[in-house]
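Here are my notes on the model, point by point. Please read them with the structure open.

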Amino acid sequence: MNRQISLLQSIGLGFLGLACFLGFWQGMSMSGLVSNIFLPSPFEVYERFTALIDRRFAGATLPGHLGASFMRFAYGFLLAAAIGIPLGLLMGWYQLLDEIVSPLFDALRFVAPIAWVPFAALWFGTGIGGPIMIIFAGAFPPCVINAYRGAKFVDPRLIEAANMLGTPSRRVIMEVLLPSSVPSIISGLRVSAGLGWQSLVGAELIVASAGVGYMMVQGQANVQTHTVMAGMVAIGLVGLALDTALRGVERVIQKRRGLEN
Amino acid sequence: MPRRVSIGLATIAVAFVLWFGLTTVFGIIPSGRFPSPAETWSALVHVSGRGYGGGDLTLHVYNSLRLVVMGFLFAIATGGPLGLLMGWSRRAEAVINPIFLIIRPIPPLAWIPLAILWLGLGDAAKIMVIWFSAFVPSVINTFAGVRNIDRPVLEAAYMLGMPKFRFVTEVLVPGASPMIFTGLRLSLQASWTTLVAAELVGAFYGIGRVLNVAQQDLYPGMILVGMIAVAILGWGTTRILGLAEARALRWNTAALAAKG
């Protein structure tokens, strides 16, 4: 576009941007234009974050809440992957199943995952079952869609070659179809993890008695803006770590397939 | 009728019969867990006639729709130009990108408690969280759209000495528009999710409010009505956006058709 800039310049400008952002924030909270209660400075948020690591708030420390959230996340996400990926693959391989399931799936897809909260609470309670169902509702569709795409758009030449060589259909599935849909499945998992984590936070804001979302709601009820912000930082960090980990897996698999770009 | 459509209709018919059978005829699913078709219908009549959770269905739908449209338009109006700027100037990108890297991992729903602290339970807080959820996808996709424009097109515009304003309106925006619309679709979905969550956490009107009150009243019929309303609204607005896209990108499909 209009001018290329060097790496050094771009790093320098990046720091400038961050400094402006944090400086503006610090300035706003120091100037007294906005009450400190509603806009704590970045430093205060950092202090609160470190304090919460070993001080209890709303029944647990920050790592305790994160642990509770992450457990639910892991259950819901694994359940979504365990059901969604096989369903998507089967829909990609068997046209009849695709034609039967697609209309139901499309109709349900338009229900925002968070709208399942009332039924989740009614069916599974607000402890661990309800939130798991919400994560499932968020993480399930991308698992199905990407597994479906992976299975549907296999290079037809590979299947033809396997058929021509008289490979039995079970081996075609295990050795041709399944491996070639792996990259698509992994990117689906990455999208799923992001949506699942976000749905979990939403569920914990509404119905839960532990977890980071619950901690934030309690912070909000006690007008502790720094606790709410510390919760946001924690959620962002976990989300980022999840995404980075799955991105790493994605890259390793692409490299092994020679699909690297 | 194509095979796909007839099988689809048959599936939906079977699902409906199963629903009716399991709830009403055999009573395997108790009505305290999931409503029968008749209970859902009576809940719909209840909310559209006498009203439920502070108003009738039209009022709730109107409020939710209004907030999504306002937050969404506000996000496009701010995110689009920022994305164009970042795509246009490497310097702007270098300054703004790190701030994005910090804010992006925080899911929009996590802004809800902060929005309530800052702005209370009214419309302003909802618009703030919808803005957050729709802003990020519109910036990122507009930015990517600008970077995807063919270089020769840009160079031709430079060479012909196109004035800046016309360059933006006649080259950058149309060139980026296929990606911009992808971003808008993601933004719209995020807006609905965020709005429903924000209304579930606390609101005076809206579909999320209906869901929340129905959950507290243990009223499965009303919960289902609320969910169907959310789905129809989400589907309808996506559809309108799709029509707008087809209209705005007519030149593009024409160009594609001419090519092959």
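1. A residue is called buried if 20 or more other C-beta atoms lie within 10 Å of its own. By that cut-off, the buried residues of α4(B) are Glu93(B), Ala94(B), Val95(B) and Ile96(B). They pack against α1 (7-31) of chain A, together with α3 (57-88) of chain B. Keep in mind throughout that this is a predicted model.

2. Stay with α4(B) for its geometry. The helix covers residues 90-103 of chain B, 14 residues in total. At 1.5 Å a residue it should span 20 Å, and its end C-alpha atoms are 20 Å apart, so the two values agree. The helix does have a kink of about 35°, placed at Ile96(B).

3. The contact between the chains takes 49 residues from chain A and 46 residues from chain B. On the chain A side, six helices each supply at least two residues: α1, α4 (95-109), α5 (117-152), α7 (169-206), α8 (212-221) and α9 (225-257). Which helix gives the largest share of that side? It is α1(A), with eight residues. By class, the chain A side has 33 nonpolar, 14 polar and two charged residues.

4. The largest nonpolar core has 129 residues. Those with the most contacts inside it come from both chains: Ala115(A), Val117(A), Ile134(A), Ile112(B), Val196(B) and Val230(B). The largest share of this core, 17 residues, comes from α5(A).

5. Ile134(A) deserves a look within that core. Val117(A) is itself among the residues with the most contacts in the core.

6. Now the domains. Chain A is assigned domain 1 (1-39) and domain 2 (40-257). Their C-alpha centres lie 32 Å apart. The contact between them takes nine residues from domain 1 of chain A and five residues from domain 2 of chain A. The domain 1 side divides into six nonpolar, three polar and no charged residues. For chain B the assignment gives domain 1 (1-30) and domain 2 (36-259). There the C-alpha centres lie 33 Å apart.

7. Ser31(B) sits in the loop between α1 (3-25) and α2 (37-49) of chain B. Is it exposed, partly exposed or buried? Ser31(B) counts as partly exposed, because it has 14 C-beta neighbours inside 10 Å. Beyond its neighbours within four places in sequence, its contacts are Thr23(B), Ser36(B), Glu39(B) and Pro220(B). Trp118(B) lies 87 residues from Ser31(B) in sequence and 41 Å away in space, C-alpha to C-alpha.

8. Two loop residues call for a check of the backbone. Val223(A) has a positive phi, near 50°, and is not a glycine. It lies in the loop between α8 and α9 of chain A. Val223(A) counts as exposed because it has 11 C-beta neighbours inside 10 Å. In chain B, Leu218(B) has a positive phi of about 50°, and is not a glycine either. Leu218(B) is in the loop between α9 (207-216) and α10 (220-248) of chain B. With 12 C-beta neighbours inside 10 Å, Leu218(B) counts as exposed.

Conventions: Residues numbered from 1 in each chain as written. Chains lettered and ligands numbered in written order. Predicted model: local features only at pLDDT ≥ 70, side-chain atom pairs only at ≥ 80, totals over all residues. Helix = DSSP H or I, 4+ residues; strand = E, 2+ residues; numbered from the N terminus. Contact = placed C-beta atoms within 7 Å. Domains from an automatic or database assignment. Nonpolar A, V, L, I, M, F, W, Y, C, P; charged D, E, K, R; others polar. Expected span 1.5 Å × (residues − 1). Bend = angle between axes of the 7 residues up to and from the residue. Core = buried A, V, L, I, M, F, W, Y, C linked by C-beta atoms within 7 Å.
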